[in-house]
Amino acid sequence: QVQLVESGGGLVRPGGSLTLSCAVSGTFFSINAMGWYRQAPGKQRELVAVITSGGSSNYADSVKGRFTISRDNAKNTVLLQMNSLKPEDTAVYYCNANVRVRIVAMPRDYWGQGTQVTVSS
């Protein structure tokens, strides 16, 4: 059973910073890409940032230059450092990991439960 547990959300003023953390636990063979998505009220879930097992990353245009994704392969964790936060960054943020549970199994996506980020004065 693979589980993703997120932490680090909360309320922050515009211009402030937050760091989200996600830890993958359970029994599995490998983790491929890991990423962060977000969903604001009334909107579809969107990709925020993704990082491969080799460390290559991509970002949504709306967060480039403000957010940084990183991962620790030894600890099976992924972080999202969010700086210069704006009210439009308010959303539930979800961690995602593409996991191969056994060497012969196809990899599949797993999701965390979500953590609320609210940017407001």
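1. Cys-22 and Cys-95 are joined by a disulfide, with an S to S distance of 2.1 Å; the term denotes a pair of cysteine sulfur atoms within 2.5 Å. A search of the whole structure, which is a predicted model, finds 1 disulfide. The pair links distant parts of the chain, 73 residues apart: Cys-22 lies in strand β3 (residues 18-25) and Cys-95 in strand β9 (residues 91-100). Strands (E, at least two residues) are DSSP runs, numbered from the N terminus. The link of Cys-22 and Cys-95 is left-handed, with -85 degrees about the S-S bond.

2. On the basis of the model: residues are numbered from 1 along each chain as its sequence is written, and side-chain values use heavy atoms, with hydrogens and water left out. As the model is predicted, local features need pLDDT of at least 70 and side-chain atom pairs count only at pLDDT 80 or more, whereas totals for chains, interfaces and linings use all residues.

3. Cys-22 counts as buried because its relative accessibility is 0%, and Cys-95 counts as buried because its relative accessibility is also 0%. Buried means under 20% relative accessible area, exposed over 50%, and partly exposed in between (1.4 Å probe, protein chains only).

4. Strand β9 also holds Asn-96, which counts as buried because its relative accessibility is 6%. Not counting residues up to four places away in sequence, Asn-96 touches Leu-4, Ala-33, Met-34, Gly-35, Tyr-37, Asp-109, Tyr-110 and Trp-111; contact means heavy atoms within 4.5 Å.

5. The largest nonpolar core has 31 residues, and those with the most contacts inside it are Trp-36, Leu-80, Met-82 and Tyr-93. At least two residues of this core come from each of β3, β4 (30-39), β5 (46-51), β7 (67-72), β8 (77-82), β9 and β11 (115-119). Strand β9 gives the most to this core, with 5 residues. Such a core is a set of buried Ala, Val, Leu, Ile, Met, Phe, Trp, Tyr and Cys residues joined through side-chain atoms within 4.5 Å.

6. Leu-80 touches, among others, Trp-36, Tyr-93, Val-48, Phe-67 and Ile-69, not counting residues up to four places away in sequence.

7. Val-104 is found in the loop between β9 and β10 (108-111), and counts as exposed because its relative accessibility is 75%.

Technical notes: Helices (H or I, at least four residues) and strands (E, at least two) are DSSP runs, numbered from the N terminus.
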